[in-house]
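Welcome to a short tour of a protein model. Take a moment to turn the structure around on your screen, and then we will walk through it together.

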Amino acid sequence: MSSSTIIAVVSILIAGISTSFGAIGPALAEGRAVAAALQSLAQQPDASTTITRTLFVGLAMIESTAIYCLVVSMILIFANPFWNHFIAENIGK
Amino acid sequence: MQLSPDSIIYWQSGPWKINSTILTTWALIFFLTLSSKLIARKMSAGIERSRWQNLLEIIVSNIEKQIVDVGLSEPRKYLGFLGTIFLFIATASVCTIIPGYETPTGSLSTTTALALCVFFAVPFFGINEIGLSSYLRSYMRPTFIMLPFNIISEVSRTLALAIRLFGNMMSGTLIIAILVSVTPLLFPIIMRALGLLTGMVQAYIFTVLAAVYIAAATRVIKPQPPLIPIKKENI
C-alpha cells in the first residue's frame, strides 16, 4: 500500500468512527436533559420560560461536543491537511 | 464539494479576494443598518406608530428582557453589543431562504471573528464595571491555583463559541447539499426548515452565552464573612 492509500483509508475510517462515537455520548446526554426538563415542566408549569431557556442553552452546549466530532470528520474527509501535503509533495517530484 | 462559502470567489486581484463570505457579510451589514436607519428616521412616541416601528420595538424590548433574564440588570449598556450579534447571526441564517445565498456564518472566519469580539468584549465590560484590579483578581477565584485553568477556560470557550456556530451552520448546508443529490424532491425542504430553526436557536445561544460570560465578568463578588465559631456550651 502506498502512503496516499494509507492516509485515505485511515482518514475515512477515523471520520466514520469519530462521528458515530461522538454521537453516542451527546445523544444519551440530551435524552437525559430533555427527560429531566420535561419532568420539571410537568411539576412546575409556571417556571416553563426559565426551564426552556436553560434547556436550550444546555442542549446547545451538549450538542456542541457532537458538532466538534462532526467538524473533525469533515476536515478529515474534505480538507485533510496530511492528504493535501502528500499530494503537493507528489506533484513536486 | 466546498466546505465553506470562502471558496466561492467573485473577484480576485493578486492576494486580494472578494469571496461569498465577505460579500454576504457586507450585504447583511448594509441591509441591517439601512433598515434600522429607515425605521428610526420617523419614530413617534405617541400612540400612532408605524408597523415597522412596532417590529423594531418588539425586537429590542425582547432582547432587553432576555439580557435581564440572564443576569445583567442594566441591559441598555450591553444591548448594542449583544443585540448586534443576535441580529447579525439571526438574519444571516434566516436569509438562507434566498436562492443562491450562502450563509456567512457557515465559514469559520466569520464565526471566529464573532467569537473574538466576545473574547475582547468580556474584559472590556468587566473592567468598565468593576475596575481593573478586581477584574484581574477574579481570575484567581476561588484560589490562586485556579489561575491557569481560568485562563485556559477563557481561550477554550472562545474556541467553542466559534466552532459551535460554524459546525451547526456548515452541517446544515452540507446535509442539504448531500440530500439534494440523493432525494431531490421534498426532503431538502424539510431540512431547510429545520435549518432555519437551528439557525435561530444558534443565534439565541451565541447571544445568551456571550451575555452569560459578560455577566460572570461584571459580577461583583463580595468577600465572604468570617465564619463565626459556634459555642458548644450554649447548645
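How many residues does the contact take from chain A, and how many from chain B? Chain A brings 12 residues to the contact and chain B brings 13 residues. On the side of chain A that touches chain B, 10 residues are nonpolar, one is polar and one is charged. Keep in mind that this is a predicted model. For the complex, the predictor gives an ipTM of 0.73 and a pTM of 0.83.

Now let us follow chain B. Its secondary structure consists of seven helices and two strands, and from the N terminus the order is β-β-α-α-α-α-α-α-α. Chain B has a radius of gyration of 22 Å, while the globule rule gives 18 Å for 235 residues, so chain B is more spread out than a compact globule. Along the principal axes, its C-alpha atoms fill a box of roughly 80 × 50 × 45 Å. Of the 235 residues of chain B, 26% count as buried. Looking at contacts in chain B between residues at least 6 apart in sequence, 64% join residues at least 24 apart.

The two strands come next. Strand β1 (residues 9-13) and strand β2 (residues 16-19) of chain B run antiparallel, and four bridges join them. Across this pairing, B:Gln12 stands opposite B:Lys17 in β2(B). The hairpin of β1(B) and β2(B) has two residues between the strands, and B:Gly14 takes a positive phi near 65° there.

Which residues touch the most other members of the largest nonpolar core? They are B:Phe206, B:Ala210, B:Ala211 and B:Ile214, in a core of 39 residues.

Leaving aside residues up to four places away in sequence, B:Ile214 touches B:Leu72, B:Tyr78, B:Ala121, B:Val122 and B:Phe125.

Finally, a word on confidence. Chain B averages a pLDDT of 86, and 92% of the residues score at least 70. Among the elements of chain B, α4(B) has the highest mean pLDDT (93) and β1(B) the lowest (84). Where pLDDT is low, the predicted coordinates should not be read in detail.

Key
Residues are numbered from 1 along each chain as its sequence is written. Chains are lettered from A and ligands numbered from 1 in the order in which they are written. This is a predicted model: local features need pLDDT of at least 70, side-chain atom pairs count only at pLDDT 80 or more; totals for chains, interfaces and linings use all residues. Two residues are in contact if their C-beta atoms, placed from the backbone, lie within 7 Å. Ala, Val, Leu, Ile, Met, Phe, Trp, Tyr, Cys and Pro count as nonpolar, Asp, Glu, Lys and Arg as charged, and the others, Gly among them, as polar. The radius of gyration is taken over C-alpha atoms; the globule rule is 2.2 Å times the number of residues to the power 0.38. A residue is buried if 20 or more other C-beta atoms lie within 10 Å of its own, exposed if 12 or fewer, and partly exposed in between; C-beta atoms are placed from the backbone. A nonpolar core is a set of buried Ala, Val, Leu, Ile, Met, Phe, Trp, Tyr and Cys residues joined through C-beta atoms within 7 Å. Two strands pair if DSSP finds at least two bridges between them. pLDDT is the predictor's confidence in each residue, from 0 to 100.
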